[in-house]
Structures are given as structure tokens and as C-alpha cells.
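Colleague: Could you walk me through this one while I have it open on my screen? I would like to start with how the chains meet and then go inside.

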There are 4 protein chains.
Amino acid sequence: MSYQSGAVVSEGDLVLLYIDERRTKLFRAIKGKRVSTDKGYIQTDDVIGLPWGSQVTLSTGFKAYLLKPLIHDLVMKSFRRVTQVIYPKDLSLIVFLSGVGPGSKVLESGVGTGFLTATLAHYVGDEGKVYGYEVREEFAKTALRNLHRVGLSGRVRIKVRDVKEGIDEGNLDAAFLDLPDPWSALKVVCGALKSSAPVLIFVPTLNQVIKVTDKVIKDGYPQLKIYEVLLREYQPSPDALRPKNMPSSHTGYVVYFRCLKVKA
Amino acid sequence: MSYQSGAVVSEGDLVLLYIDERRTKLFRAIKGKRVSTDKGYIQTDDVIGLPWGSQVTLSTGFKAYLLKPLIHDLVMKSFRRVTQVIYPKDLSLIVFLSGVGPGSKVLESGVGTGFLTATLAHYVGDEGKVYGYEVREEFAKTALRNLHRVGLSGRVRIKVRDVKEGIDEGNLDAAFLDLPDPWSALKVVCGALKSSAPVLIFVPTLNQVIKVTDKVIKDGYPQLKIYEVLLREYQPSPDALRPKNMPSSHTGYVVYFRCLKVKA
Amino acid sequence: MSYQSGAVVSEGDLVLLYIDERRTKLFRAIKGKRVSTDKGYIQTDDVIGLPWGSQVTLSTGFKAYLLKPLIHDLVMKSFRRVTQVIYPKDLSLIVFLSGVGPGSKVLESGVGTGFLTATLAHYVGDEGKVYGYEVREEFAKTALRNLHRVGLSGRVRIKVRDVKEGIDEGNLDAAFLDLPDPWSALKVVCGALKSSAPVLIFVPTLNQVIKVTDKVIKDGYPQLKIYEVLLREYQPSPDALRPKNMPSSHTGYVVYFRCLKVKA
Amino acid sequence: MSYQSGAVVSEGDLVLLYIDERRTKLFRAIKGKRVSTDKGYIQTDDVIGLPWGSQVTLSTGFKAYLLKPLIHDLVMKSFRRVTQVIYPKDLSLIVFLSGVGPGSKVLESGVGTGFLTATLAHYVGDEGKVYGYEVREEFAKTALRNLHRVGLSGRVRIKVRDVKEGIDEGNLDAAFLDLPDPWSALKVVCGALKSSAPVLIFVPTLNQVIKVTDKVIKDGYPQLKIYEVLLREYQPSPDALRPKNMPSSHTGYVVYFRCLKVKA
């Protein structure tokens, strides 16, 4: 199965069936299946071969669109969640600050549900690689299944191990930590990175921000930054524009700094 | 000049000299030059050949670090600005929602100073391409110079033209609009995209949000979303953690939707 | 019934039974009643005569406190709601900007559930007065019952009338508008105020902000201000401090300006 | 000098000369004075006797309005500042949560510049009283001068003393703490309040929030709440509505809880 896809919906493609803002369904186009929604169903046989973006009619007469899922649709709508995930508002800043791009080789720990893993895999491309360390085997397995489902598992290698016990890889371009005690992992993590490479840390509480900030400053790592992203979504109502009633909940804080040259 | 770089600072590399949080300087490592800061200077000859992440001593005895600039450093610190720019808080969400990645071919209009252009060029890689339309020749020239400076101009093609007058390319993966009247450009832009491809619009005022929302709804484009990113940066003081006194100022709103299959 | 109360819980007092953050119950201390909570009950006879702040034991052994309800407890926990209400985050700014204090005589329209009415009544004291105009009789009745319940109805006069049809009072200190079309009411409202008195408007959508802003500017009223209050509440966890998962939802915008001297 | 004023500008009144949003001047109407602005001057003799809200013409021909200053104008525009102040966004929430109103007798420490002192004095009215404790004599003097200037000093008693060394008053309705170490003062403060009375604390850093939260929980005080107010101000431009470029900076956190019955 390929992460890329053509101009029409082909057998095996993941498809985002979009009815309206609150009703979307991500499904795989496998022949002979029925895709049910609370507004009626469609047959996959009637969808395969249609151009992306086509309007289709559900069994009830409701209209829907066949959208090619993007990376944000894939993680949000097809991943089975086993942990607290990192949401798009934070994923996007974390990735941007890391400088990751095509060909990057990066470290991630822990992997959890795999939202960040998938996002990183998307950006590093076929020439890059994401090395994921995850202590809990069940999380590692779920993450791999999630990644496989969206065609990104080939760019990822997941190990069931505590990152603090040692990292097999070296000379990596960036590291991403979503751990309860990231301050304990900084030394081993920096040892696996190119010197001056960035570390991105995600923590939910301010106590963790304080502890990791303290450690980064004491160890002398430069360009330390602490961010919090507040995302407001607006009701798309041109006659009554206003923020949505339910704002995005608190997620966490993003800490960024640069490793230094490892002293020999 | 290459966008990639090696383990040590080589002649021609862009280097981020990091003294402290408020004092950083981006310079090019050209032999025989002096790099001055308000805390003293260094000679480029003393820097070339050092590993990235090395600590150096300025003429005054002050210490500084040689950091390899990441994409956010490059746009924020090396670009000459001729327009209001799109800042990292918005750049990162815009790029993530677009699904752009290695190999993507995308449309951008207007180009302006080129912050988004450079960011897109970073993510599409050597296999991708950014087609930028910009009506003002001086902006196009500055943007190209900015892109050239950071080694990304090879992935970009800029045309001095109003995107509403027609787009030469077709079958593109995403479009990015930073125009005063984006509602006027939707039809021609969707015509140049693959069907179901996303359009990302950035506008500074709520009146523009209302107008473009109205147009997107009337034209029936699906998955319309309107976002505003509020970024809070914290003082990295473990004993007195608090948001920075100067929060990020208002920038604008991000509107996202999907084009549909072009009817023949 | 008095709005004031003594050092001990007296018959007729409103009492806030506080078990924990999510379990509070506001009740009236009437002899011979049982007050039930999902953690057990108490008898009012066992409460009357106890000092405020006393700890009591519920039938199940759970502990609770007898707190004297403050104005924010009274509106939030004892008012029957028949409309969208104005929440404390907005109430507090609205009241502060209005300059209302002991002895103020103010206009409010519409009254709705009466959150703002009660708050204004609290601040104007026994020497002041709140004149409330409300077009829907059922809202007016509910608001009056709510005000009566908390002992504030003596400071309020509610009329079932559209404020735009005329205001009986004059020379008032401030006006408060929570109407769908506040721009239609500005002239008549300013006519009932002292010259240079402030008008505070609360509207939920940005389209209304645009319309009322346009009207205020065209009519030349000075000191126009537009605010939005975002309130973040934190989990009171000293070991894991973080914002609450559920942030306060969008409520509305506060518009402030000053009326001018009425031309004879 | 009285805090109240009549229908016209009288000798001795404080007047807010409003030219436009960025140009306002608060002055006292004393005969024979010239009031200068960067848009020209007026003579106080030409102002005394005019109705509030009158339009006046400056020496340059510019127009301005004579507005009766409200409590927010008074603190923001007439107070000499000697400390970091508490801004309206926080003042308003603090006051509302405290339940303070006409006749309240309250404790404040430290007094600082006196923004909160003046606001409390405004609300407690002539029947109430604000007891302010301030360790630094120079702050106490400045605060008193500020309060005197706006006619509110009669409602305030300021003592140059550390509140932790003892409080002369008792049976107060609420306490307000703006101290570096509020956790050290809780016991003595609760001893001076009516039982179940609220304490409102303002602190700038999250470390202080953590410490005071820890203390409040350990001491078993109920109804603990932690808030942060983010105020957004919008440009009053009906054709280009958008948040102001400069958002309000970080100020601090508001902590609220209730004292309990003092055990004999």
C-alpha cells in the first residue's frame, strides 16, 4: 500500500467521506463493502474509480464528498488512541521548530498512539527515518498498526525500550520527547544527535516545565524556548461569525532547545 | 550553495551565532571576514572547520555558540522584510493543515517577503516545487534574493503576475493565498489544483474572514475551517516561570477548505 | 428578607454547602427541611445557629462547609436560567468599565435571566436603582423571582417593554445593553443618561460588533472600546499545575463608549 | 473635594479631556490654568460651567470632549505609579469574586501604587472602609496622595506595617493580597476576617501560584480557584475589525479561596 495516490479513488485507498462538518468518515476502498453513516450508506464499488472530490449520494439521498485524506485527517480520524495524544495545534509548532524535512533522521520517545510519529514520518519522506522508543509494548504495537494503516510504517522503526537505557542510533537531526520525566533523558538524547540539533519536548504540566527548564539551564543548552499554543476555531457562519462554543482544551507546553557538541 | 550542510562549519555555510536569548546573529562563513556583535566580534577564519554546536569566545571574552540555523531561524533572522510577514505560529499551522510534504507541488500567491515560500520550499524538498505568483516586482525580487540566501531558490519559481489572471500550472497539491481579496481568486485557484486539494488562506481582518467564508459556503466547497493561533511564550526562568511580558501581537486568521472536482 | 446576614446561619439565610470543587449546593435555611446531596444529607435544624464557615458532617460521614454565598455564587448557583446568561468573566469587566458604584442609577435592557441585573443591584446598594427593560414577560418574571430569591429585588424595577419605544427615567449614570440589535437603541438610551455617561454593550457575534462599532463611530460617540475576555482556570494541583481541560467557552464581546451632551 | 460631581464641570472637578483614542488628558478644573496637549491647549476658565460631555475646541482648532472620569480612567490616568500595578482586567475579576459592595470593610496588603485600593474604595462607598497595610512608607505616601487626588482617601486607612506582624482590625468582609509571599500571611489574614470570608491573591509567577495553592490545600481552606485573565482589545474599525496589534502583556494570576471559622 502506498502513501501516495492517483487522480481517482483506487482500491485500497483511504477515503474521507465528508457529509458535513460534524459528520465525516474515513474508510478504506475495498471492493464489496458497505460504508455506513448516520445519514445513510454507500457501496465501495460505487466509489472506486471516481475522481477525488466527487460528490456522491448516500442511500438516503444525502450528499457527501470523497476527499483525499491529508495527514491531519489521517491521524485525527483513523488512529486508534491508547494514550493522550499530541493534537494538531501542538504537532504543527513542534514539527516546524524542529526543522525536520525531507531526508531527516529523527528520534522520538515515547511513541504513544503515534500522532507525532506519523506526522514526522510524513515530513521526513522516503529518504528519512523516524526512530521511535516506547517502553510499553502495547502502545508500540498500536502505534505500528496505526502507522501501517495510513501507509507510513515503512519510514518508522519502533523499539520497545526506555530511551534512557541507551540509543542505538547516532548523528540524528532532531529529538522529540513526550515523557513524564524528560529531564532525565537529555544527556543520552543529546548523545544521539548531531551537535547543535534541536530537542522538542511536550509536557502537560507547569511543574514539568519548571523542572525541565531548570535542567536545560543548568546543563547550559542554548536557545531555550517555552511555548503554549492556544488555538481558537471559529464557527464558519458569515452572518454570525464567532468562536466555537467549545474551545480546544488544554494540552501542554512545548519546550525547545539545542544540544551542544558532545565533548570527547 | 547547498541547503544541506556537514558536521563542521564549512565555507559558505550560514551560521547562527547565539550569545543569549536576545542576542543572536546569522552570518555567512566567508573567509577573512569579521562578525561583529554588541558583545564583541569573531573572525570567520576562527569558525570555519569547527564542529556545529561549538562554543566560541568573542573578542571581549563573551561566550557564544555556533548553531546550525533551522528553517525558523533562517526566515526570522536572515530575510529582508518588505511586507507584513506570516509568523511561525501561523506558518506552522498553515503548512500542517495543507498536507504538504516531500514531492508536493504547490501554488502560493502573493509571495511578499517569502516567509511562507521558504517554509514550503523546505518541506517539498528537491522533488517538489513552489509556484509563487506576486504582482509587485520588487517583492518578487526581494523574495527571490531571500530564498537564494538560504539555499532554497532552486525549489521555487516566482512569476510577477496577478494569480486571478490565470495560472500556468495544473494538478497542484495545495494552494496558499495571502491576498487582500482571496474570495476573488478561489475559482482560478481551484482550477489549478488536483480535485479535493486544500486551499489555505491567511487574512488579517475579521471582515475578510466573513467575506471569504461567505464565498466558500456559497460555492459549496467542503471542510471549511477558520482558525486563529494565539502563541504564548514563557520566560525560561525556573524560579519565576511566567508568560513573557510582550505577547505575540495579532497577525491574522487561517481559513482552510477543499476544492472540488472541476466539472468538465 | 435581607441581603445582609449575621455571624451565624440564621433562619431564611441562603447557604452555600461546599463539599468539594464540583459538589456545592445552595439552599435556604428553613427549619425542618432536609438538604440532599449525592454525598448524603443534612438537616437544616442542625445548621441554623452555626457560625458561617463551620464544618458539618453529612449523613454519610462526608464533611462539608457552610459558606456565606457571595454575589458570584448567588447568580451562578441559585438563578433559574431562561436565556443565555452573561458570565462572571464578562460581568466583572462590564461592571468595572461602567463606573457603577454605591448610589448609581442605571438602565439595563434586556434583562434576560438577570445575572447582570443582580450584579448591578449588588453594586448600586440600597441608595441606587436598576431600571430593567425586558420585552418578554416570562423573562421579566423569572428575573424578578431570581432577584427576589437572593434579596436584591428591592433595588430593581423591571418593565415589560422594548427599550426602543421609550425610557421613562432620565439622568441615569450608565446603560447596559444585551440586545440583538443594540445599534437601534443608542439614541433613546443616550437620551436617558447623564451626558458623558458610559454605555456597555454585550454581543455574541463579530457581525454585531462590526454593526455597533459602525453606528457608534458614525454618531460620533467618544472613547469607543471593544474587548473580549478570555478566562483561563487552572487545576488547583500544586504538583501538577495546568489549565483546566475544559476552558470557558466563547461568550461574547464587550463594547464601551460614552454618550454625549444631549443637544437641546 | 467630593468623589461625586454635578451636571456641569465645576471648579475642582477632575476632567478627562478626550481628543481621540490615544490622546486623552486628565486634569483638574482650577480657575486660571492652561491645559496643554500635543494638539493644542484649552483654558480651564472656558471649561468650568460647561455640561459634561460638551465638545470643546482646542487652540489649534482640534475638537475634544469633556468626559467625567470613571474609576478606570482615574486609576489609569491620574495615578503616579511607583510599583507594578494591578490592571483593570485583573482588578475587575478580583473585585467581583470578592463579593465586595456598599458597606464592605476590607483588608488589603500591600497597597503599592493604590490601583486596587482605589477600586475597592469606589465599591465600598461612604459606609465601607479599606484597611491597607504597606511595608514601604514611600509607597504608602504615594498611594495616599493618589487616593486623595481622586477624592477616595476618606474611605481608606493606610498603615505602614507588614501585615504578617498583626492586623488591628477584625470581622472584615474580604482580604486582598499582592505580596511576594502570600502563603506566609494566610493565617493572620484569616484571623482578621469574618469566617467564610474570601481571600483574593494576585501573584505574577507560576511558582508563586504553586506555593500558595499548596499552602491553601494543606491548611484545608475551601473553594480554591486559580484564574488568569487574558484581555483582547479590538481595533474599533468597522471595515477592518481585528485585535489590536499590541495585546495586553502578562500581568499575573488570581487565586481565590475562603477562610474558615477561627477555632477558639
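**Chain contacts and folds**

Modeller: In this predicted model, 15 residues of chain A are in contact with 15 residues of chain C.

Colleague: What sort of residues are on the side of chain A that touches chain C, nonpolar, polar or charged?

Modeller: On the side of chain A that touches chain C, seven residues are nonpolar, five are polar and three are charged.

Colleague: Switching to chain B, how many residues of chain A are in contact with it?

Modeller: Here 55 residues of chain A are in contact with 55 residues of chain B. The elements of chain A that give two or more residues to this side are strand 6, helix 1, helix 2 (88–98), helix 3 (115–124), helix 6 (206–219) and strand 12 (225–234).

Colleague: How are chains A and B related as copies?

Modeller: Chain A can be laid on chain B by a turn of 180° and a shift of 0.0 Å along the axis, with an RMSD of 0.0 Å. The two copies are thus related as by a two-fold rotation axis. Moreover, 100% of the interface residues of chain A are also interface residues in chain B, so these copies meet through the same surface.

Colleague: Now inside chain A, in what order do the four strands of the open sheet come?

Modeller: The order in chain A is 2-1-6-5, with antiparallel pairing. Strand 2 (23–28) and strand 5 (55–57) of chain A are the edge strands, each of which pairs on one side only. Ignoring direction, neighbouring strands of this sheet are turned by 30° against each other on average.

Colleague: How many bridges join strand 5 of chain A to strand 6 of chain A?

Modeller: There are three bridges between strand 5 and strand 6 (residues 63–67) of chain A, and the strands run antiparallel. V56(A) stands opposite A64(A), which is in strand 6 of chain A.

Colleague: Where does helix 1 of chain A lie?

Modeller: Helix 1 (residues 71–78) of chain A lies across strand 1 (14–20) and strand 2 of chain A, and runs at about 90° to strand 2 of chain A.

Colleague: Over in chain C, at what angle do the axes of helix 1 and helix 3 cross?

Modeller: In chain C, the axes of helix 1 (residues 71–78) and helix 3 (residues 115–124) come within 10 Å and cross at roughly 160°. That makes helix 1 of chain C roughly antiparallel to helix 3 of chain C, and the crossing is right-handed.

Colleague: Which residues meet there?

Modeller: From helix 1 of chain C, I71(C), L74(C) and V75(C) meet F115(C), A118(C), T119(C) and H122(C) of helix 3 of chain C. The residues of this contact divide into five nonpolar, two polar and no charged.

Methods: Residues numbered from 1 in each chain as written. Chains lettered and ligands numbered in written order. Predicted model: local features only at pLDDT ≥ 70, side-chain atom pairs only at ≥ 80, totals over all residues. Least-squares fit on C-alpha atoms with pLDDT ≥ 70 in both. Contact = placed C-beta atoms within 7 Å. Pairing = 2+ DSSP bridges. Axes fitted to C-alpha atoms, helices over the stretch in contact; angles between N-to-C directions. Parallel < 35°, antiparallel > 145°, perpendicular 65-115°, else oblique. Left-handed = near helix turned anticlockwise from the far one by under 90°. Nonpolar A, V, L, I, M, F, W, Y, C, P; charged D, E, K, R; others polar.
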